[in-house]
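Colleague: I would like to go through this model with you. Could we begin with how it is divided, and then turn to the contacts?
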Amino acid sequence: MKTIRKIGLLLVLFLGIILVTACGNGSKQSNSDNSNKQKTTKEFKGQTMNVVATSDAYQPLFDKFSKQTGAKVKVLSMSSGEVLARMKADKSKPMADLWFGGGLDAFEQAKTDHQLEKYQSNSIDKINSKYRDKDGYWLSKGLTVGGFVVNKKVLKEKNLPVPKTWNDLTKSKYKGEIIMSDPSVSGTMYAIVKAIIDEKGEKAGWEYWNKVNKNISFYGKRGKDPQEKTASGEFGIGVIPVDKMAFDAAKQNDLTVVYPKDGIPWVPEGVAVFKNAPGKKVAEAFIDFMLEPKNMKELTKLDGKDTDQVIMPGVKGLDLGLNKKDLMKENLSSFGSDRTAVLNKWSDMVGDK
Amino acid sequence: MSKKHLGSFIIDKFVYLIITLSILIFILYPYLSIFVQSLSETGQKITDFWSENFVLTQHSVVVALITMVLSLIFSVAVTINFAFLSKQKQKILRLFLLVTMVSPPFVTSLAYITLFGRRGMITHDLLQLTINPYGPQGIILMQTLSFTSLNALVLIGLLKKIEPSMINSARSLGAKTDAIIKDVIFPLLRPGIVVVTLISFIRSLADFQTSTIIGGSFKMLASEGYFAVISFGDIHRAALINLTLAIPALIGFFLYIKYDRDISSVHHGTASGELGIPLSKKGFIFPITAVLSLLFYLALLLQYGSIIINAITVKNMGHFQLSWQPLIASKIYLNDTIFRTIIYSIIAGLLGSLISLFIIYYGQVRNSKWMRLIEMIGTFPYILPGTFFGLGYLYAFSKPPLAITGTTAIVVINVIFKQVAFATKAAKASVNQVHPIYFQTVHDLGGTVLNEWNDVFFPMTKQGFALTFLNGFISTMTTIGSIIFLVHPGQNLMTLVMFDVVQRGEYQVAAVIACMIILICVIMAGIVFLLIHLSERSKKHVSLSPRLN
């Protein structure tokens, strides 16, 4: 009976592992007391904060939080669209405790769907009221801004000048040389589309995009497509989110980053606590922790944000040459509610591209 | 009934019940849930979806058919070419093919754009052309390259089963090399060809990654299904798309059932055994297969060469420089993911193999018709797109009675049951090698079912179990579609991290992860083959007669 005994043992062992790891998820997350003291100094030893974030790059900040509070932080990198979809499919439990990063439209949607928990940190006043929800459901950790990356070698070959403004992109001489991502896939592209419509007005805004569309042969299916395909010389101009990563990639591939002279579109990146999150208290403590100026500064570094993209006055980010007065006038209140309508109209306009 | 027999009877029934229930709950129920959901939930009706998106379906099916044919041509060429090679060369190439089963499409696509893009080294710099590489041609090429390795391994597994004496006798009767290939080897490969044709067709239909990188404005069902979820949160549309994909896949499945009897002997690329003497390099077939194989191996070398280059260099002003940077940068992405991925893959490999062996035991040895039906249900994850299986899990297990979404268990269970399909095929091959007389002998000597398992079934299928385990392990190490919508924080696996960094354009990190996955799979393969080798060696010294209690 040796073999059977071995197999039996194996089964028991695995079932054990599965049970322990499965149960481990929920049991570690117990709530702490409700006192209103400064939470960042509180111990969360033995507790876990689950985070969905737009990137794994924030790990050092989470590690610092773990060190300070004893809480274990588990991060999963996920796009904001996917977070929304998963919550829609599985209403039984929150996706995680903390939602870190992602376009404002998704946060607004989640707020409307009652999937966020209200939280007003004691330090919330440090953030410009423009960059946080008036009802306290989300706040932003920074701004993402849009611009171009240009492959001068490619443009030179075709005798084309480097575009300086958004309006330049409508010129027919750039036909076939521009790439941007599908705004339904990339939150930044949606922000750019929406910002230009806001800035120019509904009619002129759509006329603008119609002209740009004629110069574009297809829309990238990934946020990074414009950056990459411009770097490989497939296209001369890529519409991109401008941050340190863009400047680094430009240096690596001999490209030029351009802040358009006729205005810079921007979108706040949200942070929120999920409704009924088991680790709610830890997530709230993390928001307090994040709002400490020294941590905000570290976050800016991890995000590769320019000082002007920082939403907390007084905190200095990197200097990437952005000028705050160039930021476009935008209507954030319709950012989430207009998304479906804008994307539907967009999809009708571009057809199969 | 004696106490011994009663205990054995209870255990026997218990195992039978557990196997049946687990397949029904973890395979049939999720599929039923998503079928019901996509047909009943308010929203677009499937018929409207079809009439509006006929072009998408057409794109997917046409690409899948062409990929299927091309990949078949290359895999048959590589397989036939194997018959001309020495044992040593065969060993090296098999390892190479095994390594390339982990084929992240991003690398191939990048290399393709670098060489054949609008400013590609060959098209633009050498030939002064500006060709658009985006579209179906790119997708078909990338998929063909990705699928051929597995196909060739399956066929080589069959090639090794050909009795050397058959080739020798054909030769002694004066048959020429081309005739031997045509009349002896090719007919014996035929059942395998049916399988690899089906595998390629289904994999192409379900592939949602390649077209996002190289498709340009050419849209396909699988990637649209993925985007429906991630950009619009529209799971209903994703379900409709997957249901549409399921139709051509099911048609393929019926063909598969027709040939099932023959392909039960097909391995998932890790067959053992030796092929007869290499054929002499004469005739027309050898040069043709040699050229096609060479082209294929070169393309693979280019692909994996660029993975390694990406993993150990950084770019500066357009030039590559050797650096540890990618490895260091990948650290924050991986954390405890490597350990977790290995553990999950081991669990999936072991339990998947065990379940499959029991299914085949009851279906074949005990001749249970019900278990054969269970085996057929177990095949579903193999013929339907992985994302469909994952979405099914999301629907089925997010509500009572089995609300397990968000737990580690659902991810582990998913990868276990995803293996059952291929594992049952491999298990069947190894169970078929056990002569029924052994089971009969146990009964004649008054043995119980437990004696049967302990003294005949498990000892004699040990090698099959090891190979099935390895298949399950590799397949879990490389799986994406079925778990992408299931993982929560703290449950991520290496392939998902790789998929994620590819989406962000962090190719260097992706290349490091790809190298790690390959290394882990190769090490595991080494361990398994070493164990098989050791157990075979000890067999030579010990009497072969089974021990009877």
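Modeller: A word on terms before the distance: the domain bounds come from an automatic or database domain assignment. Please keep in mind that this is a predicted model.

Colleague: Understood. Which domains does chain B have?
Modeller: Domain 1 of chain B covers 1-37 + 324-549, and domain 2 covers 46-323.

Colleague: How many Å apart do the C-alpha centres of these two domains of chain B lie?
Modeller: The separation between the C-alpha centres of domain 1 and domain 2 of chain B is 24 Å.

Colleague: And how many residues are in contact there, between domain 1 and domain 2 of chain B?
Modeller: Domain 1 of chain B contributes 42 residues, and domain 2 of chain B contributes 42 residues.

Colleague: Which element gives the largest share on the domain 1 side?
Modeller: That is α24(B), with 13 residues of the side of domain 1 that touches domain 2. Among the other elements giving two or more residues to this side are α1 (3-40), α19 (408-432) and α22 (462-477) of chain B.

Colleague: What is the make-up of that side by class?
Modeller: The side of domain 1 of chain B that touches domain 2 has 30 nonpolar, 10 polar and two charged residues.

Colleague: Changing topic: how many residues does each chain give to the contact between A and B?
Modeller: Chain A supplies 50 residues and chain B supplies 54 residues.

Colleague: Which element of chain A gives the most?
Modeller: On the side of chain A that touches chain B, α1(A) gives the most, with nine residues.

Colleague: And the classes on that side of chain A?
Modeller: The residues of chain A that touch chain B divide into 19 nonpolar, 16 polar and 15 charged.

Key:
Residues numbered from 1 in each chain as written. Chains lettered and ligands numbered in written order. Predicted model: local features only at pLDDT ≥ 70, side-chain atom pairs only at ≥ 80, totals over all residues. Contact = placed C-beta atoms within 7 Å. Helix = DSSP H or I, 4+ residues; strand = E, 2+ residues; numbered from the N terminus. Nonpolar A, V, L, I, M, F, W, Y, C, P; charged D, E, K, R; others polar.
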